[in-house]
Amino acid sequence: MTVVGATGVADFEVFRDAWGIPHLRADDASSLAYAQGYVTAVDRAWQLEVERHRLLGDSAKPLGPDARAWDVFARQARLADTARRCLDALDEATRAWVTAYVDGVNHGLRERGADAPEFARAGVAPGRWEPWTPLGVWLSTHVLFAGFPAKLWRDEVARRLGADAVGRFATDGPATAGSNGWLVDGARAAGGGALIAGDPHRFIEDPGVYQQIRLACPEFDVVGLAVPGIPGIGHFGHAGPVAWAITNAMADYQDLYRERLRRTPDGGVEAYGPDGWRAAHAHTEDGVEVVETERGVVVIGGPDHEGGEGISLRQPARVYEDLGFAALPDLLRARTVADVDRAFDRWAEPVNVVLAADTEGGLLHRVAGTVPVRDPENMLRVVPAWEERYAWQGRHEPLPRAGVEGVAVMANERSLAAPLGVEFAPPHRARRIRALLDERESWQAEEMSRVHTDTELASCKPLLDLVARLDDLSPAAAGLRESLLNWDRRMVAGSVRAAAYARVRSRVALRLARHERFAGLTDLTPAYPEVFRPWLALVPRVAFALEHLLADDWLPYEDRIAAVRAAVEEAAGDPDTTWGELHRLAPWQALPDPATVWPALDGDHDCVLSTSSVPGLTDLSVRGPAARYVWDLARRDDSRWVVPLGASGVPASGHHRDQLPLWLRGELVPVTTDFTRLIKEPRPVTEALPATSVAYEETIEGFGTFRVERLDPAGADIDVLHSWVSEERARFWGMTGLTRDEVREIYTHLDSLDTHHAWLVRLDGTPVALFQTYEPEADRVSECYEVRDGDLGVHLLVGPAGKEGAVHGFTEALTRVFVSFGFDILGRKRLVAEPDARNDKAIAVLRRAGFEFSGEIVLPEIDLPDVKLAEKRAQLGFYSR
């Protein structure tokens with residue numbers, strides 16, 4: 001396919017494997033970026049629309065008033081403005097590459113965006129992407145990723161319970177994302193090349209947050225998991241000779257400052273800093289006042305808040321005008337671990353731990369991203385803006401790295417990135433992964449699902465230790481106690497004991513949250529904007545810290561054992577259920593479908609199979625493995641991957657949720673890299689092109705290359721067209737005797753319509769046919785038959801060159817082209833033809849092409865603004881694939 005966008009010409013091909021995963025091939029990196037944008041818009045138009053609105057802070061338009069809280073934050077945080085600045089700061093080559101991707105997105109949205117039914121439900125149309133939009137999507141996706149609102153929680157705990165109480169809650173918050181990742185070097189891999197495997201733990205969304213894709217051009221050939229709306233493959237990729245993967249480093253790189261703000265007589269805003277009162281930026285967007293001090297953007301409070309208090313957010317992307325996009329094309333071109341290492345030197349946000357390996361035996365284990373150097377207090381709490389000691393003092397360089405000896409594991413635990421963070425994931429996942437890997441001397445890619453799906457729950461030990469100490473229980477509670485103590489500690493969907501444990505755990509969390517020690521933390525959320533409240537809710541904080549709270553003497557033993565005793569007694573009266581009946585998938589949907597029944601899940605928060613619930617609030621799982629992958633460096637085709645739902649975000653697609661059964665079972669889809677085993681998609685219509693640009697081309701052996709172009713009635717095409725319709729053989733076209741200007745007026749009017757289009761067909765550059773398409777429901781033919789969804793009306797006029805110079809079978813080849821054009825490019829289900837009943841030759845050609853005629857009809861006479869159509873007797877024919 002050849003298209004012309006703002007960045008120039010883009011030549012690319014789209015292939016699909018059996019799972020609908022796009023494999024893109026182009027002649028250069030820019031064309032490939034365009035192709036990636038195009039196919040992402042085709043597959044994920046609604047998802048892209050939602051993300052665009054979120055970064056702009058107007059997502060309430062398509063999603064409703066519940067999204068307003070996010071919109072206020074997005075505007076206050078100046079996400080769109082930061083994205084624009086980061087784009088402007090990019091080097092010219094990367095900026096052009098990103099722009100090519102955006103051109104492709106806009107092409108796909110124009111052509112196929114409306115295929116997504118959510119647009120009609122939300123009452124919106126696909127919007128236009130700007131060159132900075134991908135950077136804004138990346139920023140809005142990750143601005144809360146590092147969990148800076150946890151500083152609000154720690155601030156409140158220290159103020160109400162004392163500084164020593166902060167560490168009692170040291171565990172992941174309910175909105176913190178994590179991942180598993182591991183590397184097995186070539187000496188322990190059956191194929192002799194290293195294996196890299198893992199699964200990113202994100203909110204499960206419909207459509208998914210990761211996009212399986214392949215990007216191939218002469219410079220590189222990479223398969224991996226892309227983020228829809230972002231060019232390239234940043235997180236998880238296999239380039240053939242080298243592969244890489246990441247997890248969240250749990251680093252702290254965003255700060256909150258307590259600001260003193262005041263109004264000036266002219267309505268402006270000033271902020272008090274180390275140098276006294278200084279002017280702050282202030283303006284209003286959509287009713288939201290946006291204030292930015294020398295520290296950062298004010299996201300809580302403001303000059304009109306009580307006491308003029310506010311809290312500002314300082315983040316590297318805005319300070320350094322860098323989101324790390326320059327690393328993305330470098331990663332695609334990487335051939336060795338050293339190349340990957342250099343690419344991640346340019347990485348900025350979020351801060352990640354990286355594993356990489358190459359076919360020469362090179363291994364990499366490092367932290368990548370931008371972490372500011374500042375006072376340790378900045379990492380713990382909200383710090384006063386007016387004290388100089390809390391200012392940033394540059395960046396941490398170099399970032400930590402480590403060697404790899406046989407196996408390397410990353411699971412958000414306190415290890416490589418420990419100097420850069422405060423709160424890390426419990427060590428259970430990392431320890432369990434390493435123990436599982438140590439059980440075998442040699443591993444193959446297909447065996448890694450055993451690690452992916454492990455359900456052992458080590459964090460249950462403190463609660464079960466207390467259960468073991470219970471005595472004087474009722475008979476039912478005593479029976480439950482014995483059942484729990486004989487449980488294998490695996491969170492399997494079919495397990496009744498796992499469900500019983502979960503019910504006890506939730507009741508313990510709720511009871512401890514009501515403990516008098518926590519009285520000052522029970523009602524924090526009303527004081528803060530809604531977007532930060534998940535980090536400030538007491539029950540989830542207690543639930544995720546339960547392991548520490550039950551094993552620590554900070555809460556009296558009598559109170560802990562009493563809470564466990566009461567929980568067991570209550571749970572003993574519950575009817576038996578399985579864990580899967582309680583623990584079901586609950587993906588986020590921009591427009592929820594309450595009729596969907598989601599499946600039961602294995603796993604739990606601290607299992608390797610981390611399908612997180614929030615004990616005490618819900619056993620449903622909103623977070624889990626957003627993808628799984630195994631990269632095999634010995635042979636890329638032995639690699640595996642899977643996503644929770646499917647490759648397509650269009651509900652009507654057969655690939656919308658076809659991977660869900662595999663994902664539930666822990667199975668993975670083979671990575672296919674042989675283009676001959678893939679299905680090539682027809683070239684799409686290029687509505688973004690000038691009217692004379694190629695919309696479709698097909699080479700047919702024995703004839704040459706047919707090209708379908710939009711007719712240009714105002715240009716040179718009018719002379720060819722007038723000469724054709726003036727001939728006696730075209731009398732059934734109804735234009736003989738018309739002047740050149742009259743023909744031009746008719747086709748200029750046709751070109752202005754959204755429902756009727758004219759196409760010129762060329763064979764090796766020579767005009768050979770006129771092809772017209774129309775929407776039957778907008779034509780008089782609709783009065784003669786019942787129009788179906790997916791119908792396309794067609795007319796075909798073969799020109800003199802096609803008649804005189806054609807070899808045998810020319811008209812059949814020509815009709816093959818326009819049939820393919822209608823079905824494969826325009827995406828229709830049935831073609832409708834109504835040739836004049838006297839035109840025996842045209843009817844015969846259409847019959848040979850496969851049209852079936854249902855009989856004669858009479859098209860009524862009608863008067864249009866620019867032309868009068870006489871009554872016409874016609875044969876009505878249909879062609880269904």
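Predicted model: local features only at pLDDT ≥ 70, side-chain atom pairs only at ≥ 80, totals over all residues.

1. Residues are numbered from 1 along each chain as its sequence is written, and side-chain values use heavy atoms, with hydrogens and water left out.

2. Counting as a salt bridge a side-chain nitrogen of Lys or Arg within 4 Å of a carboxyl oxygen of Asp or Glu, the structure comes to 69 salt bridges. Among the residues involved, Arg78, Asp81, Arg85, Glu292 and Arg318 are linked in a network.

3. Arg505 forms a salt bridge with Asp604, with the closest N and O atoms 2.6 Å apart. This pair links distant parts of the chain, since Arg505 is in helix α17 and Asp604 in the loop between α21 (579-582) and β20 (612-614), 99 residues apart. Both Arg505 and Asp604 are buried (under 20% relative accessible area, with exposed over 50% and partly exposed in between, for a 1.4 Å probe and protein chains only). Helices (H or I, at least four residues) and strands (E, at least two) are DSSP runs, numbered from the N terminus.

4. A salt bridge also joins the side chains of Lys872 and Glu834, at 3.0 Å from N to O. Lys872 lies in strand β35 (residues 872-880) and Glu834 in the loop between β31 (830-833) and α27 (840-849), so the pair ties together parts that are 38 residues apart in sequence. Lys872 is buried at a relative accessible area of 17%, and Glu834 is buried at 2%.

5. Glu51, in helix α1 (residues 29-56), is buried yet has no salt bridge, and the nearest side chain of opposite charge, Arg54, is 4.0 Å away. Lys and Arg count here as positive and Asp and Glu as negative, while His and the chain ends are not counted. Leaving aside neighbours within four places in sequence, Glu51 is in contact (heavy atoms within 4.5 Å) with Val137, Ser140 and Thr141.

6. The structure holds zero disulfides, a disulfide being a pair of cysteine sulfur atoms within 2.5 Å. Cys217 counts as buried because its relative accessibility is 11%, whereas Cys784, at 22%, counts as partly exposed.

7. In helix α15 (residues 461-468), the residues Pro462, Leu463, Leu464, Leu466 and Val467 are buried. Their cover includes α16 (475-485), α17 (496-513), α19 (546-551) and α20 (557-572).
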